[in-house]
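Biologist: Could you put the model on screen? I've got a few things to ask you about it.

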Amino acid sequence: MPYARNLSGIEIRGNAESWWGNAHNIYNRGAEPTVGAVMSFRSTSGMPLGHVAVVADIVDDREIVVNHANWNRNEVSLRMGVKDVSKHNDWTLVRVESQPGQYGNFYPVNGFIYPNDDG
């Protein structure tokens, strides 16, 4: 989480699974990706501590590019694609690029946490 915190300026502590709730009343949250926002992944059985990634670019309304740490253990992964595969195009379910052009499992997402305008 230090990587996402430093890159986004969003000062939330704790495991990634707690970021969405901890952002309430401190940072704006929503379902629309924007560059610099933190994508908050829900906790799953395979990812019990959740995950966070910082939006680096918007490709189109169903694909973004993220930078994040520890998707691959002890590594920073830059410019990985993320596709919205949710039924209602609302970014509640995504697939993350595991290798160039290859997208892996389905992951539930809480939404996006937006940095404050004042940094």
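Biologist: Is Trp-71 buried or exposed?
Modeller: Heads up, this is a predicted model: local features need pLDDT of at least 70, side-chain atom pairs count only at pLDDT 80 or more, and totals for chains, interfaces and linings use all residues. Numbering runs from 1 along each chain as its sequence is written, and side-chain values use heavy atoms, leaving out hydrogens and water. Buried means under 20% relative accessible area, exposed over 50%, and partly exposed in between (1.4 Å probe, protein chains only). Trp-71 has 19%, so we call it buried.

Biologist: What sort of pair do the rings of Phe-41 and Trp-71 make?
Modeller: Rings of Phe, Tyr and Trp (its six-membered ring) pair if their centres lie within 6.5 Å; planes under 30 degrees apart are stacked, over 60 edge-to-face, the rest tilted. Searching the whole structure turns up four aromatic pairs. For Phe-41 and Trp-71, the centres are 5.7 Å apart and the planes at 45 degrees, so the pair is tilted.

Biologist: How many residues apart are Phe-41 and Trp-71?
Modeller: This pair links distant parts of the chain.

Biologist: Which residue joins Phe-41 and Trp-71 in a cluster?
Modeller: Look for ring pairs here. They link Phe-41 and Trp-71 into a cluster with Tyr-107.

Notes. Helix = DSSP H or I, 4+ residues; strand = E, 2+ residues; numbered from the N terminus.
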